[in-house]
Amino acid sequence: MEFKNVTVDKTSNVYFEGNVSSRNIIFDDGSIKTLGLMLIGEYEFNTSKKEIMEITTGELEVLLSGESEWKNYKEGMSFEVPGNSSFKVKVHQITNYCCSYID
């Protein structure tokens, strides 16, 4: 995955005492993606916009809000999270991801 002609925030977004971090990538059209890293552990995230999470390396399980079954995702897979929602993850291997925010 390669992005051209983008702006990258120098400062990272840091969550869960440094166990999750990401950087904003801003495109010419104003759209934003984040490239991030999650260390092994369990985390819960809230969304304001719809998100598409692409797993670029690693492995984790995901539980979307309102669902009862955890689903496994690994390198090359993606999942979608509705806006104004939440999801939980259990990270089994250090995981790199790319998150797209959809209006």
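The model is a predicted one, so local features are listed at pLDDT of at least 70 and side-chain atom pairs at pLDDT 80 or more, while totals for chains, interfaces and linings use all residues. Residue numbers run from 1 along each chain as its sequence is written, and side-chain values rest on heavy atoms, with hydrogens and water left out.

The structure holds 4 salt bridges, a salt bridge being a side-chain nitrogen of Lys or Arg within 4 Å of a carboxyl oxygen of Asp or Glu. One of these joins lysine 4 to glutamate 2, with 3.4 Å between the closest N and O atoms.

Another salt bridge brings together aspartate 103 and lysine 49, at 2.9 Å from N to O. This pair ties distant parts of the chain, 54 residues apart: aspartate 103 sits in the segment after strand E9 (86-102), and lysine 49 in the loop between strand E5 (41-46) and E6. Strands (E, at least two residues) and helices (H or I, at least four) are DSSP runs numbered from the N terminus. Aspartate 103 is exposed at 83% relative accessible area, whereas lysine 49, at 37%, is partly exposed.

Glutamate 80 and lysine 50 make a salt bridge as well, their closest N and O atoms lying 3.2 Å apart. Here again distant parts of the chain are linked, with glutamate 80 in strand E8 (residues 78-81) and lysine 50 in strand E6, 30 residues apart. Both ends are partly exposed: glutamate 80 has a relative accessible area of 45%, and lysine 50 has 33%.

Glutamate 51 belongs to strand E6 (residues 50-64). This residue is buried but has no salt bridge, and the nearest side chain of opposite charge, lysine 49, is 9.5 Å away. For charge, Lys and Arg count as positive and Asp and Glu as negative, with His and the chain ends not counted. Setting aside neighbours within four places in sequence, the contacts of glutamate 51 (heavy atoms within 4.5 Å) include Phe79, Glu80, Phe87 and Tyr101.

The whole structure has 6 aromatic pairs. Rings of Phe, Tyr and Trp (its six-membered ring) pair if their centres lie within 6.5 Å, and planes under 30 degrees apart count as stacked, over 60 as edge-to-face and the rest as tilted. Phenylalanine 45 and phenylalanine 87 are stacked, because their ring centres are 5.2 Å apart and their planes meet at 25 degrees. Phenylalanine 45 lies in strand E5 and phenylalanine 87 in strand E9, 42 residues apart, so distant parts of the chain are linked. Phenylalanine 79 and phenylalanine 87, with centres 5.8 Å apart and planes at 70 degrees, are edge-to-face. Phenylalanine 79 is buried at 5% relative accessible area, and phenylalanine 87 is buried at 3%. Ring pairs join Phe16, Tyr43, Phe45, Tyr73, Phe79 and Phe87 into a cluster.A ring also meets a charge: the charged end of lysine 90 sits over tryptophan 70, 4.3 Å from the ring centre. That label applies when NZ of Lys or CZ of Arg is within 6 Å of the ring centre and within 35 degrees of the ring normal.

Next comes the nonpolar core, a set of buried Ala, Val, Leu, Ile, Met, Phe, Trp, Tyr and Cys residues joined through side-chain atoms within 4.5 Å. The largest one has 17 residues, of which Met38, Leu60, Val62, Phe79, Phe87 and Val89 touch the most other members. Strands E5, E6, E8 and E9 each supply at least two residues of this core. Leucine 60, leaving out neighbours within four places in sequence, is in contact with residues including Met38, Tyr73, Phe79 and Val91.

Asparagine 5 is not a glycine, yet has a positive phi of about 55 degrees. Asparagine 5 lies in the segment before strand E1 (7-8) and is exposed at 64%. Glutamate 17, not a glycine either, also has a positive phi of about 55 degrees. Glutamate 17 sits in the loop between strand E2 (13-15) and strand E3 (20-26), and is exposed at 83% relative accessibility.

Notes:
Buried means under 20% relative accessible area, exposed over 50%, partly exposed in between (1.4 Å probe, protein chains only).
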